[in-house]
Amino acid sequence: MSRSDTLFMAACSGLVVANIYYCQPLLVLIAKDFNIPESRAGRIAWLTQTGYACGLLLLVPLGDIMERRKQILLCMVATTGSLALSAWSPTFGVLQVAAFLVGASSISAQLILPLAAHLAPDNRRGSVIGTIMGGIIVGILASRSVSGSLGAVFGWREIYYIAAGIAAVLLVLMRWRFPQSYPSFKGSYGQLMASILYYIRTQPALRQASFRNFMSFAALSSFWVTMVLFLSAPPFGYQSATIGLFGLAGAASALASPLVGKRSDGQGARMNIWIGLVMELLSFAAFYFTGSSLFLLVLGIILVDVGHQTIQISNQTIIYSILPEARNRFNTVFMTSTFIGGACGSAIGIGLWNIGHWPLFCAGTALMVLINVIVTATVSAKP
């Protein structure tokens, strides 16, 4: 596992995971194109995340039973097709189906992470995970900024056509560069899925890490979807191009990820989790008092992004250290929980906005973080 291997995997992971987030700054454009309310267009965000959660649950475990590179390549073929379908969608109903398929097929990043953890030596696993997570964060940030800016100029459909082209190129590069990796599990798919339930019952550290990330990503996703509605309304009235640029404020989380990964090697992961939770609480305090102040909004974006990545990388370092032969299944439980949380958070954020706009959204999402703090403080287990 050379440094160049790690960086290549990080780049691939970032470009793949970007597919899930292209839609967020485009919701206003999608609403105008199909002549529907912006809140209804918000379904595309949570449907994509729901599809991703289903893919994580049903497809990622296969990495413990089939050759991993082959699985990644098959997923990339499906990703290319679903992105093209999104761009072509003649009706909002077709787009909703396509959005679900985009999410369900864009799981390659979560297949690359266990592969990298398998190839990395024990004393560098946290660092490797942190670097790849840094690539994923860059992909998330770039997707929001690029899709918002280019979407305003060329249209939202062109963003999906470009994404389909990128996926096709990645398919070729991955076929050339990724090593083959054969798992040790010899049972059937049914036995594989049954073992996931067994691990959920018998591994408290896995359950707790999954819950922490569920709540953390719910809060983060709630913010990013609702922020589009907040910034497009008075007193700001920004267009999608401007809204997309706010994604760059989260660049600090990409820079922090490798450092968090290094700190998570050994016994630093649990302290990192507490640091991340405190940062998330501070972020929603900043959001609540934002008013028309962009300074507090940008500060909150930095805090919420870095806080979530600190929590996630630390949780991943913990679960990947438990049973090496079951990393894909552990990642299935962990990331399925995470993106179910993301889908729930997106839906809750839009619901809170519709009821009480920004103040109620901030208060409700801060409550999610407080629940995470209370559970983390009262329940603990060694991996």
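Asn372 lies in helix α16, which spans residues 327–378. Helices here are DSSP runs of H or I with at least four residues, numbered from the N terminus. The model is predicted, so local features need pLDDT of at least 70 and side-chain atom pairs count only at pLDDT 80 or more, while totals for chains, interfaces and linings use all residues. Residues are numbered from 1 along each chain as its sequence is written, and side-chain values use heavy atoms, with hydrogens and water left out.

Asn372 has a relative accessible area of 1%, so it is buried. Buried means under 20% relative accessible area, exposed means over 50%, and partly exposed lies in between, for a 1.4 Å probe and protein chains only. Contact means heavy atoms within 4.5 Å. Leaving aside residues up to four places away in sequence, Asn372 touches Phe211, Arg212, Met215, Ser216 and Leu277. Asn372 and Pro179 are 193 residues apart in sequence. Their C-alpha atoms are 38 Å apart in space.

Two further residues of α16 were examined. Asn328 is found in this helix. Its relative accessible area is 2%, so Asn328 is buried. Beyond residues up to four places away in sequence, Asn328 touches Val60, Pro61, Gly63, Asp64, Arg68, Leu111 and Pro114. His357 is also found in α16. With a relative accessible area of 44%, His357 is partly exposed. Its phi is positive, about 55°, although His357 is not a glycine. Most residues other than glycine have a negative phi, and most peptide bonds are trans.

Asn35 sits in the loop between α2 (27–34) and α3 (38–41). Asn35 has a positive phi of about 55° and is not a glycine. At 71% relative accessible area, Asn35 is exposed. Pro235 is found in the loop between α11 and α12 (240–245). A cis peptide bond joins Pro234 and Pro235, with omega about 10°. Pro90 has its place in the loop between α5 (68–88) and α6 (92–105). Its relative accessibility is 47%, so Pro90 counts as partly exposed. Pro90 and Phe34 are 56 residues apart in sequence but 9.1 Å apart in space, C-alpha to C-alpha.

The nonpolar core was considered next. Such a core is a set of buried Ala, Val, Leu, Ile, Met, Phe, Trp, Tyr and Cys residues joined through side-chain atoms within 4.5 Å. The largest one has 112 residues. Met174, Phe223, Phe287, Ile301, Phe339 and Trp358 touch the most other members. Helix α11 (residues 204–232) gives the largest share of this core, 16 residues. Met174 touches Cys12, Val16, Arg69, Ile72, Leu73, Met76 and Ile112, with residues up to four places away in sequence not counted.

Helix α1 holds Ser13. Ser13 has 0% relative accessibility and therefore counts as buried. Not counting residues up to four places away in sequence, Ser13 touches Ala109, Ile112, Ile132 and Ile136.

Helix α8 has 30 residues. From first C-alpha to last it reaches 42 Å, close to the 44 Å expected at 1.5 Å a residue. The expected span is 1.5 Å times one less than the number of residues. Of the 30 residues of α8, 22 are buried, so the helix is largely enclosed by the rest of the structure.

A cavity is a set of points where a 1.4 Å probe fits but cannot get out; a pocket is an open set with protein on both sides within 12 Å along at least five of seven lines. Lining residues have an atom within 4 Å of a point. Points are joined across faces, edges and corners, and a volume is the space filled by probe spheres set on them.

There are three cavities of 30 Å³ or more.

Note on methods:
Helix = DSSP H or I, 4+ residues; strand = E, 2+ residues; numbered from the N terminus. 1 Å grid on protein atoms, 1.4 Å probe; cavity = no way out; pocket = protein on both sides within 12 Å on 5 of 7 lines; lining within 4 Å.
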